[in-house]
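Open the model in your viewer and keep the selection panel at hand.

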Amino acid sequence: MTIDALPPIAIIGAGSMGGAILQGLVASGAAPRVIVTNRTAQKAEALSGLAGVESIALEHDPDGNARAAAAADVVLIGVKPAMVPDLLADIAPALRPGTIVVSLAAGVTIATFERILGSACPVVRSMPNTPAIVGRAVTGIAAGSTATATHVETVRRLFETCGAVIELPEAQIDALSTISGSGPAYVYLLIEELTRAAIGKGFTEADARLMAEQTFIGASALLAASGEDPAELRRRVTSPKGTTERAIAVLQEARLDDLFARATDAALARARELAAGA
């Protein structure tokens, strides 16, 4: 898919998530100008060599956040959730009317952004995940009260540089975070445990990791390439009365469906606690 050039973008707080999105933007070539800010010179220096990127260290430029915001048409807020209100109050005078402000902050509502920024700047809340750094993110986006279809389309194009995008009501953002937001951690945990199982069967750690990691990577690639339902691909591997069928029976007896439902429910409860300031 060809993506048209995006307007000037600022990422305020280019930490793990903001940095992942930055990598996707740079790799896509769709963002000719991106300004990013970090607190330390060390972090800023690590991003300064990227094509089209101006990297600001706040320890050397205390007004860097406001300067970045003033120069951009789209401003991504990537600081920690507790820091968001003070940051918004700091940059609000520098934002030009019509600048799209995009939240990357988990648990911070659109209402909080709009209360501080007013109605002149449309707000879009987003929930990306870390595979953005390799162009395989899933990002949920929800429009604020003054964000038009055109504003949302710009934000969609931005996040499409680093993966797939789902538009949804803000009320579903926290639920999405329990699946795609936290999901990479679930996958890594499964890989860890399968690796331990292989080591327990006498394989070296290196061989165990190779088997577990490449099996997940290969299965995901086959799923993507085939377009088949995962249940159908599972059935094709599971020969009647074979070894895989016996293993799957053990996993199903453990009620993985209930386990994942309870795990994601726990994540959703915590997301709501964070939104309430707990």
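Two strands count as paired here if DSSP finds at least two bridges between them. The model is predicted, and the tour begins with one such pair.

**Stop 1: a bridge.** Select Ala 137 and Gly 163. Gly 163, in β8, is the bridge partner of Ala 137. Now extend the selection to strand β7, residues 137-143, together with β8: five bridges join the two, and the sense is parallel.

**Stop 2: the whole sheet.** Which order do the strands take in the open sheet? Colour the eight strands and read across: β3-β2-β1-β4-β5-β6-β7-β8, with mixed pairing. Strands β3 (53-57) and β8 (163-167) are the edges, each pairing on one side only. Look along the sheet to see the twist, which averages 20° from one strand to the next.

**Stop 3: a helix over the sheet.** Select residues 149-160, helix α6. Helix α6 lies across β1 (9-12), β4 (74-77), β5 (100-103), β6 (123-127), β7 and β8. Relative to β8, helix α6 runs at about 150°.

Stay on helix α6 and show the side chains of Arg 156 and Glu 160. Both residues belong to this helix and sit four residues apart, about one turn. They form a salt bridge, with 3.1 Å between the closest N and O atoms. The count of salt bridges comes to 16.

**Stop 4: two domains.** Colour residues 9-168 as domain 1 and 177-276 as domain 2. Their C-alpha centres are 32 Å apart. How many residues of domain 1 are in contact with domain 2? Six residues of domain 1 touch six of domain 2.

**Stop 5: the interface.** The size of an interface is often given as the accessible area lost when the parts come together. Between domain 1 and domain 2 about 470 Å² is buried, and carbon and sulfur atoms give 65% of that area. Select Gly 107, Met 127 and Asn 129: in domain 1 these lose the most area to domain 2, together 59% of what that side buries.

Terms used. Residues numbered from 1 in each chain as written. Predicted model: local features only at pLDDT ≥ 70, side-chain atom pairs only at ≥ 80, totals over all residues. Heavy atoms only, no water. Axes fitted to C-alpha atoms, helices over the stretch in contact; angles between N-to-C directions. Contact = heavy atoms within 4.5 Å. Domains from an automatic or database assignment. Buried area = accessible area lost by both parts, 1.4 Å probe. Salt bridge = Lys/Arg side-chain N within 4 Å of Asp/Glu carboxyl O.
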